[in-house]
Amino acid sequence: MHQSSTGSGTSTGSTGNTTARPSRRAVLAATAGLTAALTVPATAHAAAHGERRLRALIDRMTLQEKVGQLFVMRVYGHSATDPDQADIDANLQEIGVRTAAELIAKYRVGGIIYFSWAHNTRDPRQIAGLSDGIQRASLDQPRGLPVLIATDQEHGAVCRIGKPATLFPGAMAIGAGGSRTDARTLGRISGTELRAMGVNQDYSPDADVNVNPANPVIGVRSFGADPDAVAALVAAEVKGYQEAGVAATAKHFPGHGDTAVDSHYGFPVITHSRELWESLDAVPFRAAIEAGIDSVMTAHIQFPALDDSGDPATLSAPILTGILRGELGYDGVVITDSLGMQGVRTKYGDDRVPVLALKAGVDQLLNPPSLDVAWNAVLNAVRDGELTEARLDQSVLRVLRLKDRRGILDHPWSGRAAVDRSVGGASHLAAADRIAERTTTLLVNEGDVLPLDRHRERGLLVVGADPASPSATTGPPTGVLAAALTELGFTATALSTGTAPSAATVDKAVTAARDADAVVVATYNVTAGNSQRTLVDRLVATGKPVVVVAIRNPYDVAQFPSVRACLATYCWTDVELRAAARLIAGRVAPRGKLPVPVQRADDPTRVLYPIGHGLRY
């Protein structure tokens, strides 16, 4: 989601105000003293009272502070004031500041996004401390306001905060389970843990309808290919997160589910007609809006049927103002996807993108490659008359409404006292395990290969791909599967063979299989020319029972016509792999159903397994 770029660091966002800093209590009370009003039912009087409070906050802001409120920025380090030297160096190179506290003081940003690679998410207590440090740094500024602290905690393939936090199956797995209750539970538990760590906005759920098996950027991040099913799960997850006090974000509007190009590195074009968009892509976003979604993230895609200008949706007034706000009636926060992605940088320069996004109807500008360039571009656009200050006020008001609605203005702090009890608690982990068991999908089981018998097939060889952990805290998949199967009474040995095993690696696996009673193979994004096919075919030829576990895309099954047992987990994190092991061992019955169709490998125009396919035993 981020492409690094060095900021110039030549201009400051400081207001230059050297007066004594009022306390948070004084700043907020001075706007009308309405803290108590926020706790009463949302009567028309209370709503109007709250609106006056927010407008009063805006009236007190300088132009520079308003510009800052619209930016959400990355920053390196585990601490707001005392990061490691390597993170200080990275911050100086990319942002021109040393710490998160300096970032806030210089640019008065309204939001910060956490990444594991930026060393923001080491452990729950550290995350809570960082969050509180960020809030303290912001509230210590003149007219300081609480910050939106966000991350991409989608679960599954995209997960910034790892263990010991509770990790759930990803969206496509939840789609395979098909339970709105499970989706809402995921949002509620994940939201509760995020809020305990001081994270108050989650860039989830993904509302894209994944109808392209070759989609390189969405895929298993989507709930599936049926728009109505996706819509129901999106709405349920939104309600779960927001019940927990975390702002949810539906992404990527107007729909990123049918592309073969990754917008991180290219500029995808969606060729759907307006009619197809209405019946497919729009459906989950309508449901999210109906569910009261706090924010909607834009896609860096070209969608000619909605806007034939050639501009990405992020910069399109016809799409964002005309359709999202006008036709769909959405008046919440609109946030860009990362402005460091190539899809939004192809046509315009980094100094034009943030200005054009605001003109199109965006409220929050996420993670520009150079904050200095982007911040000053917006400031100068107002000074030069291209943007009005009143236009900035509209977006600042939406951002403040979100902060107010989620209680962030008055309660911005983490729940540090509750971190140990809440984050990764036993009841949360048990819920994740039970949900995962309802998602694992049995696709093939010829001759009742499954479940394996721990007496007849006691010695197991687990081979296959070991992709990197999404959160850097789980895996490797072959080791997790082997350990889980051993705990279930088998004797399992792991042998990592990679995503493109060499001939020598295949030979090694085949030799090891001769001493096993059965073989479990973890496959990952298998295509026609991939040597994972050779590995599986050679293992099947040994005559030993072979069980394929597609640990990412369920489409892998089409590449293995000779396999007699295959199941899909939709992701390779521990919770999904342990559930697969329980299914293989017969401890739980398979219940998942395909949320996407799987086409034949030899004829993609024909469906091998339709939506809803899933075997039982």
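Accessible areas here come from the Shrake-Rupley method with a 1.4 Å probe, and for residues only the protein chains shown count as cover. With that in hand I looked up the surface of the chain: about 21,300 Å², of which 50% belongs to carbon and sulfur atoms.

Housekeeping before going on. This is a predicted model, where local features need pLDDT of at least 70 and side-chain atom pairs count only at pLDDT 80 or more, while totals for chains, interfaces and linings use all residues. Residues are numbered from 1 along each chain as its sequence is written, and side-chain values use heavy atoms, with hydrogens and water left out.

**Overall shape**

I checked the radius of gyration, taken over C-alpha atoms, against the globule rule of 2.2 Å times the number of residues to the power 0.38. For 617 residues a compact globule would come out near 25 Å, and the chain has 25 Å, so the two agree. The C-alpha box along the principal axes is roughly 80 × 50 × 50 Å.

I found 21 helices and 18 strands in the chain; these are DSSP runs numbered from the N terminus, helices being H or I with at least four residues and strands E with at least two. Buried residues make up 63% of the 617 (buried is under 20% relative accessible area, exposed over 50%, partly exposed in between, with a 1.4 Å probe and protein chains only). Of the contacts (heavy atoms within 4.5 Å) with a separation of 6 or more, 77% are between residues 24 or more positions apart.

Next I went to H6, residues 124–139. The expected span is 1.5 Å times one less than the number of residues; for these 16 residues that gives 22 Å, and the end C-alpha atoms are 22 Å apart, which agrees. I count H6 as largely enclosed by the rest of the structure, because 13 of its 16 residues are buried. At its N-terminal end I found a cap from Asp 123, with a side-chain oxygen 3.1 Å from the backbone nitrogen of Arg 125.

The largest has 113 residues, and Leu 103, Ile 134 and Phe 253 have the most contacts inside it. Apart from it lies another core of 69 residues, including Ala 482 and Phe 560. Back at Ile 134, I listed its contacts beyond four places in sequence; among them are Ala 80, Ile 104, Tyr 114 and Val 147.

**Helix H11**

H11 (residues 282–290) is mostly covered, with seven of its nine residues buried. Phe 285 and Ile 289 are among the buried ones. The cover over them includes helix H9 (227–243), strand S7 (249–253) and helix H12 (317–327). Just after H11, I noted Gly 292 with a positive phi of about 90 degrees.

I found a cis peptide bond from Lys 163 to Pro 164, with omega near 15 degrees. Pro 164 sits in the loop between strand S5 (158–159) and helix H7 (171–177). Another cis bond joins Gly 475 and Pro 476, omega about 0 degrees.

Asp 448 has a positive phi of about 55 degrees, but at 60% relative accessibility Asp 448 counts as exposed.

How values were computed:
Polar contact = N/O pair within 3.5 Å; in protein donor to acceptor, adjacent residues only side chain to side chain. Core = buried A, V, L, I, M, F, W, Y, C linked by side-chain atoms within 4.5 Å.
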